[in-house]
Amino acid sequence: MQWSDLPYCTPKRVDALRSFGLHAPVDLLRMVPRRYIDKQTAPTIRDLFESIQQSGQTQAVRSSVRAEVVSISVGGFGKKKRTIVKVKDDTGEMDAVWFHTAKWLHAVMKPGTWVSLSGDVKLYRSRLSVSHPEFDVLSDHDALTEQEETPSTMDRQIVAIYPSGKELAQAKISHRLISIWVDRVLNEVEKEAHDDVFPTEWLQRMDLLSHHHAIQYVHQPTSIRDAEQGLRRLKFEEFFFFEMAMAKIRGERRRTPAGWVLGKPGPLVRQFVHEILPFELTEGQSEALSDIRADLESGTQMNRLIQGDVGSGKTVVAMIAMLMAVDAGYQATLLAPTEVLADQHARSLQPWFQALGVNARLLKGAQGSSLRQEVLDDVAGGGAQIVIGTHAIIQQGVRFARLGLAVIDEQHRFGVGQRSALLQKGDRPHLLVMSATPIPRSLAMTLYSDLELSVIKGLPAGRKPIKTAVRGEKQREKIYDFIATELDAGGQAYVVYPLVEESEKLDLKNATDGFEALKARFPTRRVALIHGKQDASEKDAAMQAFANGDVDILVSTTVIEVGVNVPNANVMLIEHAERFGLSQLHQLRGRIGRGERASTCILIHGHALSDHAKVRLKTMAETQDGFKIADVDLELRGPGDFLGTRQSGLPEFQFGSIVDDQDLLKDAKIAASVALEEGAMESSTDEWSEFRRAFGPYFEAKMAFYQA
Ligand code: ADP
Ligand code: MG
């Protein structure tokens with residue numbers, strides 16, 4: 001089947017579909033409806049009105065209503081400007097309000113367009129109104145007339161709402177059009193034979209639909225329950241292959257080469273802990289280290305995640321683990337996600353390595369070629385015992401003589417692929433990954449089910465809690481006075497500007513303007529600027545000056561987000577705090593409260609806050625506990641976003657949710673292990689060939705996907 005076999009499928013639309021990742025008509029079947037609207041139970045505007053009147057005016061109703069756009073207008077002045085979209089159905093009218101002037105809304109909310117709105121509906125000046133609703137465009141005006149000849153999809157009781165996006169909207173690909181196409185593709189597919197990847201008895205035992213039926217139910221449900229049944233099967237399938245891939249990775253943790261025993265406390269570890277380290281290890285650090293030691297002595301490759309909140313002292317743990325490797329005569333490496341962080345690790349650890357007589361080298365992208373060659377030779381020759389660096393370490397030209405241990409800092413910034421590339425740098429080296437991204441334990445076990453987990457509980461003794469204040473623009477002068485007092489007392493301050501995703505230029509402008517304003521406001525103070533567009537040496541110079549105490553105020557974009565450690569810095573001012581995500585705010589705030597001084601974090605926000613932004617700021621003010629913050633974050637953002645590729649280093653699930661479908665995920669894990677026991681692993685030449693035969697050509701593709 002070709003795109004040209006589908007009605008209204010113009011070349012422009014084909015381009016849009018391609019840019020959406022759909023390369024052939026059959027790919028449309030992989031497009032899962034985001035949700036369904038049951039026409040019979042969707043409330044009318046009058047229903048909403050009545051239920052609000054009954055429950056009292058202040059109560060909000062969370063609901064989704066289908067209505068037609070009547071008009072769109074902009075009201076109010078200056079900062080109070082807002083966009084009002086008037087909508088109606090057969091029973092009445094209501095307003096949808098956005099507290100800004102979003103141009104894109106005008107392109108979408110054209111009069112005559114049918115939309116579905118959901119959000120907190122309130123009675124405002126005796127009109128129904130919903131602020132910043134979530135909405136779906138059900139059909140747009142132009143597409144409607146064009147598609148009138150095939151009314152069947154619109155007549156369905158259950159309307160499937162497909163994911164949309166800028167490309168699809170611009171090409172006028174409506175939900176309805178997608179439904180029409182999906183119908184055609186399903187008709188075509190109907191004629192083919194369908195072998196299921198799972199044996200029939202499995203399907204019966206687990207009460208699962210066949211793949212083919214599931215696809216049908218998902219796209220053309222006659223009830224919401226149908227759709228759920230269909231989705232359940234697709235989720236199971238997806239989880240199953242994920243768990244198979246994970247089991248395979250686990251199975252590949254191999255015995256270390258003969259004679260390897262890392263982990264016995266040797267002279268370097270002893271000297272470091274007893275003579276050099278200026279503090280006692282916390283209980284959490286010691287526990288993590290004994291886990292690591294047991295792994296290193298076990299004769300099997302270590303594959304461990306150290307999870308510890310910001311400031312819990314993960315770097316020292318990595319340092320000691322690396323010394324264990326060096327004590328045993330092996331090389332160790334520490335990989336950081338940014339140059340700023342690699343530089344910092346090198347700077348803070350190098351004096352210790354020097355005192356111990358250990359040769360530690362720094363390897364990063366921005367290095368002169370002669371220096372780089374010298375480092376590469378030193379690493380390949382085995383002279384370099386420790387290598388600290390960025391992604392540069394996993395590049396092709398880098399060879400280690402005897403890599404015994406690889407450590408990845410801020411591991412959520414790396415993908416599974418990068419993890420495995422690092423492991424290729426040695427003969428079955430041990431792997432230690434570290435992360436401050438706190439996630440509930442059950443989630444962590446699923447998400448990183450190929451890793452063992454150690455949690456560093458608690459922070460080093462003597463840390464003072466960080467005071468967190470949420471403030472508006474009006475208090476700016478007071479805040480500056482406060483910063484001046486703290487600087488006079490010998491402290492240092494960060495001032496952070498958000499990353500505005502749509503416009504890096506604007507982002508930079510904010511920070512640069514802020515930098516100029518702060519220089520003017522603090523004429524006797526040393527103010528420096530650091531941002532992502534600077535070259536590495538500029539960034540490093542600014543960071544170093546701040547770390548040495550030569551700079552009082554460091555103005556920055558989010559480049560300082562991860563890992564940065566300047567214990568004397570005790571004030572952080574975050575501008576436009578409402579634009580940051582919770583975990584980001586937590587990471588940022590974790591840059592202070594690392595030393596003796598009492599620390600304060602001030603969150604300045606703009607005037608109109610969304611409900612979510614209010615919750616985020618309130619949460620920050622209330623708690624410093626990364627796990628609590630993660631829970632709220634998860635709730636606000638939903639698992640897709642929270643556990644997206646960037647956060648977890650794993651591909652996002654297309655159908656399932658690690659949070660909402662935990663039971664199904666458990667079933668899939670069991671099923672995967674049963675499948676393995678039932679002989680899939682047994683063939684001696686290729687233990688997977690049996691399994692591959694049993695589970696069809698699907699297997700390769702899925703495995704490749706999860707291992708990528
Ligand atoms: P993170 O876990 O966020 O990576 P770091 O490793 O950067 O934290 O440590 C934060 C600060 O705490 C550093 O200045 C470090 O020297 C200090 N630190 C680490 N462990 C201890 C300890 N046991 N006692 C006191 N200070 C410690
Ligand atoms: Mg760190």
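An oxygen atom of ligand 1 lies 2.6 Å from a side-chain N or O atom of arginine 463, a polar contact (a pair of N or O atoms within 3.5 Å). The protein covers 87% of the 570 Å² of accessible area that ligand 1 has on its own (Shrake-Rupley method, 1.4 Å probe). This is a predicted model, in which local features need pLDDT of at least 70 and side-chain atom pairs count only at pLDDT 80 or more, while totals for chains, interfaces and linings use all residues. Side-chain values use heavy atoms, without hydrogens and water, and residues are numbered from 1 along each chain as its sequence is written.

**Ligand 1: contacts**
- An oxygen atom of ligand 1 is 2.8 Å from an N or O atom in the lysine 314 side chain.
- Glutamine 285 places a polar side-chain atom 2.9 Å from a nitrogen atom of ligand 1.

**Salt bridges**
- The whole structure holds 22 salt bridges (a side-chain nitrogen of Lys or Arg within 4 Å of a carboxyl oxygen of Asp or Glu).
- In one of them, arginine 233 pairs with glutamate 237 at 2.7 Å, N to O.
- Arginine 30 and aspartate 27 form a salt bridge with their closest N and O atoms 3.7 Å apart.
- Aspartate 27 is buried at 14% relative accessibility, whereas arginine 30 is partly exposed at 38% (buried is under 20%, exposed over 50%, partly exposed in between; 1.4 Å probe, protein chains only).

Note on methods: Chains are lettered from A and ligands numbered from 1 in the order in which they are written. A polar contact is a pair of N or O atoms within 3.5 Å; within protein, one must be able to donate a hydrogen and the other to accept it, and residues adjacent in sequence count only if both atoms are side-chain atoms.
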